[in-house]
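Here is a short report on how one protein chain packs. Look over the structure, then read on.

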Amino acid sequence: MTNNQVAFALGLAQKAGKAASGDFAVRGALKAGKVKLLVIATDTAENTKKELLYLAEQAKVEVKEFLTKAELGYAIGKAQRTAVAIMDENFAKMLRK
């Protein structure tokens, strides 16, 4: 999947209300068991990545690394984002391709 396709899918998920972004929203969604796929930026700091991977592992959620923080934020129409939680199985399938 190209970066443009990833950005498009993330943008659609955001508009549909099926994406959570930002530290507290992502962590809360993971802990609540709502997340189907976690997208982490490729330039995320190692400690932050470890924390997110641990939370995803506990929630049994697949993790993909796409785009930079700036690109991830731009794709969903927000400021830089470290991670975006996808909370819909159809959008998750689209991003897994």
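In which helix does K49 lie? K49 belongs to helix α3, residues 46-58. Helices (H or I, at least four residues) and strands (E, at least two) are DSSP runs, numbered from the N terminus.

The model is predicted: local features need pLDDT of at least 70, side-chain atom pairs count only at pLDDT 80 or more, and totals for chains, interfaces and linings use all residues. Residues are numbered from 1 along each chain as its sequence is written, and side-chain values use heavy atoms, with hydrogens and water left out.

K49 is buried, at 12% relative accessible area. Buried means under 20% relative accessible area, exposed over 50%, partly exposed in between (1.4 Å probe, protein chains only). Leaving aside neighbours within four places in sequence, K49 contacts T42, T44 and E65; contact means heavy atoms within 4.5 Å.

Helix α3 also meets helix α2.

| Helix | Residues in the helix | Residues at the contact |
|---|---|---|
| α2 | 23-32 | V26, R27, L30, K31 |
| α3 | 46-58 | E51, L52, L55, A56 |

The axes of α2 and α3 (lines fitted to C-alpha atoms over the stretch in contact, angles from 0 to 180 degrees between N-to-C directions) come within 9 Å and cross at roughly 25°. The two helices are therefore roughly parallel, a term for angles under 35 degrees.

Now the core. The largest nonpolar core has 18 residues. Such a core is a set of buried Ala, Val, Leu, Ile, Met, Phe, Trp, Tyr and Cys residues joined through side-chain atoms within 4.5 Å. Its largest share, four residues, comes from α1.

Definitions and conventions: Angles under 35 degrees count as roughly parallel, over 145 as roughly antiparallel, 65 to 115 as roughly perpendicular and the rest as oblique.
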